[in-house]
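Q: Please take a close look at the nonpolar and aromatic packing in this model. One connected account is enough.

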Amino acid sequence: MMISGRAGLAGVVGWPIAHSRSPQLHGHWLRRYRIDGAYVPMSVSPDRVEQALRALPLLGFRGCNVTVPHKRAALTVADTADAFAMRVGAVNTLTVGVDGALGGSNTDGFGFLESVRTGAPTWRPPAGPALVVGAGGAARAIVAALIDAGVPEIRLANRTLSRGKDLAADLGGPIVPVAWKERSAAADGAALLVNTTTLGMDGQPPLDLELTPLPVAAVVTDIVYTPLMTPLLSDAAARGNPVVDGLGMLLHQAVPGFATWFGVEPTVDAALRDAVLAG
């Protein structure tokens with residue numbers, strides 16, 4: 001990786017940020033494509049996020065990724081935002097224009113779909129319903145992407161039913177809110193099961209979901225990637241379901257930002273996964 005006085009600068013803003021694997025991800029691409037540039041983690045408290053993002057053009061940054069808890073705030077700070085970001089109410093990628101204006105986009109939905117298509121190439125959106133667990137920010141992007149891809153029905157199970165209903169009202173489309181106690185039954189006939197919660201992450205309890213009603217051909221995916229094989233994915237794989245871990249979403253969502261900031265369309269491959277996991 002080359003860094004000169006003309007280096008292109010980008011980074012990731014979050015609070016906290018030490019856990020982020022984005023620096024390893026983008027650092028691998030910078031080295032691979034021999035780009036004069038740097039990608040840095042930036043820990044910014046919520047009360048300073050607007051000030052920090054507004055400073056990006058002044059500091060010579062070409063843009064940045066935005067992670068929790070700043071994605072909604074980034075939408076309000078952005079001077080412009082694409083239609084998908086406006087629809088889901090969050091920005092995860094900022095680009096500094098030639099005039100210094102901040103353009104916001106949300107690539108989480110794109111990253112999710114690319115991850116599933118790569119990890120389970122036989123899956124087709126029209127194949128059947130999807131059961132999505134959780135109704136937070138990640139769920140909003142994933143559900144919107146599934147709607148756009150042509151999934152015929154999206155069963156949305158959340159601990160608080162009203163939150164699921166609010167998401168359905170906001171996004172429209174074929175969303176069916178499901179009461180938490182009915183989450184396992186809602187897997188009946190599904191072609192895709194998605195966990196968008198932190199349940200199953202290191203330090204968190206596993207997702208309590210009975211897989212018996214789920215067809216064995218259904219794809220099971222989890223946006224958690226620490227560990228790569230969550231209890232949900234392990235249980236699904238043991239019964240024969242194709243599974244897709246959460247790392248792919250992180251890798252694929254990074255592609256559009258890197259291409260915009262550094263002028264190279266990067267490749268997501270095994271070498272990238274290894275570099276991120278090793279970091």
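Does Tyr39 count as buried or exposed, and at what relative accessibility? Please go on from there to the rings and the nonpolar cores.

A: In this predicted model, Tyr39 counts as buried because its relative accessibility is 8%, and the cut-off for buried is under 20%. Trp261 has a relative accessibility of 3% and therefore counts as buried too.

The structure holds three aromatic pairs. In one of them, Tyr39 is paired with Trp261 in a tilted arrangement, with 6.3 Å from centre to centre and 35 degrees between the planes. This pair links distant parts of the chain: Tyr39 belongs to strand S2 (residues 37-43) and Trp261 to helix H10 (residues 255-262), 222 residues apart. Ring pairs also join Trp29, Phe258 and Phe262 into a cluster.

As for the nonpolar cores, the largest has 31 residues, and those with the most contacts inside it are Phe112, Trp123, Val143, Leu146, Leu167, Ile175 and Leu192. At least two residues of this core come from each of helix H4 (83-88), helix H5 (108-119), strand S7 (130-133), helix H6 (137-149), strand S8 (154-157), helix H7 (161-171) and strand S10 (192-195). With eight residues, H6 gives the most to this core.

Leu167 shows some of the packing in detail: leaving aside residues up to four places away in sequence, Leu167 touches Ala135, Gly136, Ala139, Arg140, Val143, Leu156 and Ile175. A second core of 19 residues is separate, and includes Val178, Ala186, Leu214 and Ala236. In soluble globular proteins, nonpolar side chains tend to be buried together.

Methods. Residues numbered from 1 in each chain as written. Predicted model: local features only at pLDDT ≥ 70, side-chain atom pairs only at ≥ 80, totals over all residues. Heavy atoms only, no water. Core = buried A, V, L, I, M, F, W, Y, C linked by side-chain atoms within 4.5 Å. Buried < 20%, exposed > 50% of the residue type's maximum accessible area, 1.4 Å probe, protein only. Helix = DSSP H or I, 4+ residues; strand = E, 2+ residues; numbered from the N terminus. Contact = heavy atoms within 4.5 Å. Phe/Tyr/Trp six-rings, centres within 6.5 Å; stacked < 30°, edge-to-face > 60°.
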